[in-house]
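I am opening the notebook on this model and will write down what I look up, entry by entry. The sequence and coordinates go first.

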Amino acid sequence: MAITLTINGTPTTLEAEGDMPLLWALRDLAGLTGTKFGCGAGHCGACTVHLDGEAARACSVTLEEAAGRSIVTIEGVTGATASKVQDAWLRHQVAQCGYCQPGQIMTAIALLEAGYGDAETVEAVMSGNLCRCATYLRIRAAVLDAAI
């Protein structure tokens, strides 16, 4: 089955079954490996992408559900908010092993672009992304720094 969607601004047609998770379509068919597999059940946030501008767990969205929509992965994220988040990530030296970083950054950008940057909302939203290195304090500090 041919399914067309827009990935990082480029119209893309992928040949796959409609029930294939978007995560595997991005990684295996489109070759965009920045989006990571974590739990496979939408609980850890490692696979977070932007689906029509909102954070979504790519492991929990089927290719058919993504058809005709705009997907942005960590490879394609751009703009002022993305730059602020990336700069704050460096200032606060957030990354350790780096595995969760694409999902954390995509969640942070979506949160800030939606207009939320207060400590309570950042804590609530970012708590849905797990980090096995436990850099949560630096992640929260970087997101709050980028919100300024």
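Which residues of H4 are buried? I note before answering that the model is a predicted one.

**Entry 1: burial of H4**

I went along helix H4, residues 101–113. The buried residues in H4 are Gln 101, Pro 102, Gly 103, Gln 104, Ile 105, Met 106, Thr 107, Ala 108, Ile 109, Ala 110, Leu 111 and Leu 112. Twelve of the 13 residues are therefore buried, and H4 is largely enclosed by the rest of the structure.

I then asked what covers the buried residues of H4.

**Entry 2: H4 against H5**

I looked up how H4 meets helix H5, residues 119–126. The two axes come within 11 Å and cross at roughly 140°. H4 and H5 are therefore oblique to each other, as an angle has to be over 145 degrees to count as roughly antiparallel. The crossing of H4 past H5 is right-handed.

From H4, the contact uses Gln 104, Thr 107, Ala 108 and Leu 111; from H5, it uses Thr 121, Val 122, Val 125 and Met 126. Sorted by class, I get five nonpolar residues, three polar and no charged ones. On spacing, I keep in mind that an α-helix has 3.6 residues a turn, so residues three or four places apart point the same way.

**Entry 3: H3 against H6**

At what angle do the axes of H3 and H6 cross? For H3 (residues 80–91) and H6 (residues 136–147) I find roughly 135°, with the axes coming within 8 Å. That angle makes H3 oblique to H6. This crossing is right-handed.

On the H3 side I list Lys 84, Val 85, Ala 88, Trp 89 and Arg 91, which meet Ile 139, Ala 142, Val 143, Asp 145 and Ala 146 of H6. The classes for this contact are seven nonpolar, no polar and three charged residues.

**Entry 4: Thr 81**

I stayed in H3 for Thr 81, which is found in that helix. Is Thr 81 buried or exposed? Its relative accessibility is 18%, so Thr 81 counts as buried, the cut-off being under 20%. With neighbours within four places in sequence left aside, Thr 81 is in contact with Ile 109, Leu 112 and Glu 113. Ile 109 and Leu 112 are among the buried residues of H4.

**Entry 5: after H4**

I followed the chain out of H4. Ala 114 has its place in the loop between H4 and H5, and counts as exposed at 51% relative accessibility. Ala 114 is 60 residues from Glu 54 in sequence, yet the C-alpha atoms of the pair are 8.4 Å apart. Gly 115, which follows H4, has a positive phi near 95°.

Asp 52, not a glycine, has a phi of about 50°. Asp 52 sits in the loop between E3 and E4 and, at 43% relative accessibility, counts as partly exposed.

Gln 93 is not a glycine either, and its positive phi is about 45°. Gln 93 belongs to the loop between H3 and H4.

Conventions:
Residues are numbered from 1 along each chain as its sequence is written. This is a predicted model: local features need pLDDT of at least 70, side-chain atom pairs count only at pLDDT 80 or more; totals for chains, interfaces and linings use all residues. Side-chain values use heavy atoms; hydrogens and water are left out. Axes are lines fitted to C-alpha atoms, for helices over the stretch in contact, and angles run from 0 to 180 degrees between N-to-C directions. Helices (H or I, at least four residues) and strands (E, at least two) are DSSP runs, numbered from the N terminus. Angles under 35 degrees count as roughly parallel, over 145 as roughly antiparallel, 65 to 115 as roughly perpendicular and the rest as oblique. A crossing is left-handed if the near helix is turned anticlockwise from the far one by less than a right angle, and right-handed if clockwise. Contact means heavy atoms within 4.5 Å. Ala, Val, Leu, Ile, Met, Phe, Trp, Tyr, Cys and Pro count as nonpolar, Asp, Glu, Lys and Arg as charged, and the others, Gly among them, as polar. Buried means under 20% relative accessible area, exposed over 50%, partly exposed in between (1.4 Å probe, protein chains only).
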